[in-house]
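Q: I have just opened this entry and would like a short tour. Could you begin with the terms I shall need?

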Amino acid sequence: MRTTGRVGPEDFSAGDRISLTFADAPEKQITATVQRQVSDRQEGLAPEIEQYVDYWLEINCAGDDAEKTRYVAQLTTGRYWSDGRYVTIRKI
């Protein structure tokens, strides 16, 4: 992982409660719990992905159904990405 001065994996720990807001649907907010931080190598991705992704968070989203596991990537641009959409993450 690169040290770029941006928010990094050290800012999130397992057990942290976060909220996700999708850029294309700001009225919808998801509450989740960070399960773990993972690197590109831990996810078994090719080295080329490091050009695009700094790190990943595995999270469990609370919802109407059972909790759902998903991944959030911090891109090398500093933005976050989940389920094919840009998101804003905030610690609760």
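A: A charge is said to sit over a ring if NZ of Lys or CZ of Arg is within 6 Å of the ring centre and within 35 degrees of the ring normal. Please note that this is a predicted model.

Q: Which residue lies over the face of Tyr86?
A: Arg79 does, at 3.6 Å from the ring centre of Tyr86.

Q: Is Phe12 buried or exposed?
A: Phe12 is buried, with a relative accessible area of 5%. Tyr80 is buried as well, at 10%.

Q: What about Trp81 and Tyr86?
A: They form an edge-to-face pair, 4.8 Å centre to centre with 80° between the planes. Trp81 is partly exposed at 33% relative accessible area, and Tyr86 is partly exposed at 32%.

Q: Changing topic, why is strand β3 described as largely enclosed?
A: Nine of the nine residues of β3 (residues 53–61) are buried, so the rest of the structure largely encloses this strand.

Q: Which strands does β3 pair with?
A: Strand β2 runs antiparallel to β3 and is joined to it by six bridges, with Val34 partnering Ile59. Strand β4 also pairs with β3 in the antiparallel sense, over eight bridges; there, Tyr55 has Gln74 as its bridge partner.

Definitions and conventions. Residues are numbered from 1 along each chain as its sequence is written. This is a predicted model: local features need pLDDT of at least 70, side-chain atom pairs count only at pLDDT 80 or more; totals for chains, interfaces and linings use all residues. Side-chain values use heavy atoms; hydrogens and water are left out. Buried means under 20% relative accessible area, exposed over 50%, partly exposed in between (1.4 Å probe, protein chains only). Helices (H or I, at least four residues) and strands (E, at least two) are DSSP runs, numbered from the N terminus. Two strands pair if DSSP finds at least two bridges between them. Rings of Phe, Tyr and Trp (its six-membered ring) pair if their centres lie within 6.5 Å; planes under 30 degrees apart count as stacked, over 60 as edge-to-face and the rest as tilted.
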